[in-house]
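Please look over the sequence and the model shown here before reading on.

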Amino acid sequence: MKLTKGVTVAASVVTLITAGIAAALLFAAGSSLAAEQAAGTSVPPEIVGWGFLSAAIATGASALGAAYAVGHVGSAAIGALTEKPELLGRVLILVGLSEGIAIYGLIIAILILNRLT
């Protein structure tokens, strides 16, 4: 049981690090993007390419991390519900928290794509 918790925490940490790297790519490209938009020129294709790549990485990695976390938390939740059915509310909260990882990655991707327009 301790191994499963450690692996789930590791998956969450890897997802947060990936979202941080995507955000860093966004802000690194943001200064040159803001300068070019102020000058009235279009966004260079290199920045658009890196933006799409970072949005895809943020979404994909967070979805994989969330799927892994929901798989482990969900199987533990089903086991707990077979023992004590009155734990349903608490178990749903835990599964929802692990699903929130994917939502955070999606929000980061939306922020990245909004900066490209």
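Residues are numbered from 1 along each chain as its sequence is written, and side-chain values use heavy atoms, with hydrogens and water left out.

The protein chain holds three helices and zero strands, where helices (H or I, at least four residues) and strands (E, at least two) are DSSP runs numbered from the N terminus. Of its 117 residues, 28% are buried, a word that stands for under 20% relative accessible area, with exposed meaning over 50% and partly exposed in between (1.4 Å probe, protein chains only). Among contacts (heavy atoms within 4.5 Å) between residues at least 6 apart in sequence, 78% join residues at least 24 apart.

The predictor's confidence in each residue is given as pLDDT, from 0 to 100, and its mean over the protein chain is 79, with 67% of the residues reaching 70 or more. Confidence is lowest in helix 1 (residues 2-38), at a mean of 62, and highest in helix 3, at 91. Where pLDDT is low, the predicted coordinates should not be read in detail.

Helix 2 (residues 45-83) and helix 3 pack with their axes 8 Å apart and at an angle of about 175°, the axes being lines fitted to C-alpha atoms, for helices over the stretch in contact, and the angles running from 0 to 180 degrees between N-to-C directions. Helix 2 is therefore roughly antiparallel to helix 3, a label for angles over 145 degrees, whereas under 35 counts as roughly parallel, 65 to 115 as roughly perpendicular and the rest as oblique.

| Residue | Relative accessibility | Class |
|---|---|---|
| Ser-98 | 7% | buried |
| Glu-99 | 38% | partly exposed |

Ser-98 lies in helix 3 (residues 88-116), and a polar atom of its side chain is 2.8 Å from the backbone oxygen of Val-95. Leaving aside neighbours within four places in sequence, Ser-98 is in contact with Ala-66, Ala-69, Val-70 and Val-73.

Glu-99 is also found in helix 3, and, with neighbours within four places in sequence left aside, Glu-99 is in contact with Ala-66 and Val-70. Although Glu-99 and Ser-62 are 37 residues apart in sequence, they are 9.5 Å apart in space, C-alpha to C-alpha.

Definitions and conventions
Predicted model: local features only at pLDDT ≥ 70, side-chain atom pairs only at ≥ 80, totals over all residues. Polar contact = N/O pair within 3.5 Å; in protein donor to acceptor, adjacent residues only side chain to side chain.
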